[in-house]
Amino acid sequence: MTLTEQLQLKYGEILRRDSSRETGFMGNIDVVNYSILNANGDVVGKVEYTADTAVKGFKVTHKVVQTDHEGRTVLQKFW
């Protein structure tokens, strides 16, 4: 399942990748920040996607937090 399928995007909205970084004591956590753009190219929300790869067992845990343009949480999912 793709990231866009996990989100609550309205018709015509797209994601723009803004930044990414690695954290964790071994760089095992990847954090990617996106802006949600409407059909006119205006920013209408933000998304933070986190993929945490366990050092032992290599199991990957995903988290996504979607906020609107005022910073209110619209969606938060873990899988």
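User: Is Phe-58 buried or exposed?

Analyst: The general idea is that buried means under 20% relative accessible area, exposed means over 50%, and partly exposed lies in between (1.4 Å probe, protein chains only). In this structure Phe-58 is exposed, because its relative accessible area is 63%. This is a predicted model, in which local features need pLDDT of at least 70 and side-chain atom pairs count only at pLDDT 80 or more, while totals for chains, interfaces and linings use all residues. Residues are numbered from 1 along each chain as its sequence is written, and side-chain values use heavy atoms, with hydrogens and water left out.

User: Where is the place of Phe-58?

Analyst: Helices (H or I, at least four residues) and strands (E, at least two) are DSSP runs, numbered from the N terminus. Phe-58 is found in the loop between S3 and S4. Its C-alpha is 9.5 Å from that of Asn-28, although the two residues are 30 apart in sequence.

User: Which residues is Thr-50 in contact with, leaving aside its neighbours within four places in sequence?

Analyst: A contact means heavy atoms within 4.5 Å. Thr-50, a residue of strand S3, is in contact with Ile-29, Asp-30, Val-31, Thr-61, His-62 and Lys-63 when those neighbours are left aside. Thr-50 counts as buried, at 15% relative accessibility.

User: How many salt bridges does a search of the whole structure find?

Analyst: A salt bridge is a side-chain nitrogen of Lys or Arg within 4 Å of a carboxyl oxygen of Asp or Glu. The search finds four. One of them pairs Arg-72 with Asp-68, with the closest N and O atoms 2.9 Å apart. Arg-72 is partly exposed at 48% relative accessibility, whereas Asp-68 is buried at 16%.

User: Which residues do salt bridges that share partners join into one network?

Analyst: The network consists of Arg-16, Asp-18 and Lys-46. Between Asp-18 and Arg-16, the closest N and O atoms are 3.0 Å apart. Between Lys-46 and Asp-18, the corresponding distance is 3.9 Å. This latter pair links distant parts of the chain, 28 residues apart: Lys-46 belongs to strand S3 (residues 43-53) and Asp-18 to strand S1 (residues 14-23). Each member is partly exposed: Asp-18 has a relative accessible area of 36%, Arg-16 is at 38%, and Lys-46 is at 40%.

User: Which residues make up the largest nonpolar core?

Analyst: In soluble globular proteins, nonpolar side chains tend to be buried together. A nonpolar core is a set of buried Ala, Val, Leu, Ile, Met, Phe, Trp, Tyr and Cys residues joined through side-chain atoms within 4.5 Å. Here the largest such core has 10 residues: Leu-3, Leu-7, Val-32, Tyr-34, Ile-36, Val-47, Tyr-49, Ala-51, Val-64 and Leu-75. Strand S2 (29-37) and S3 each supply at least two residues of this core.

User: What volume does the largest pocket have, and which strand gives the most to its lining?

Analyst: Rolling a probe the size of a water molecule over the atoms shows where empty space is left. On a 1 Å grid over the protein atoms alone, using a 1.4 Å probe, a pocket is an open set of points with protein on both sides within 12 Å along at least five of seven lines; lining residues have an atom within 4 Å of a point. The volume, meaning the space filled by probe spheres set on the points, is about 160 Å³ for the largest pocket. S4 gives the most to the lining, with three residues. Among the lining residues are Ile-36, Val-44, Gly-45 and Asp-68.
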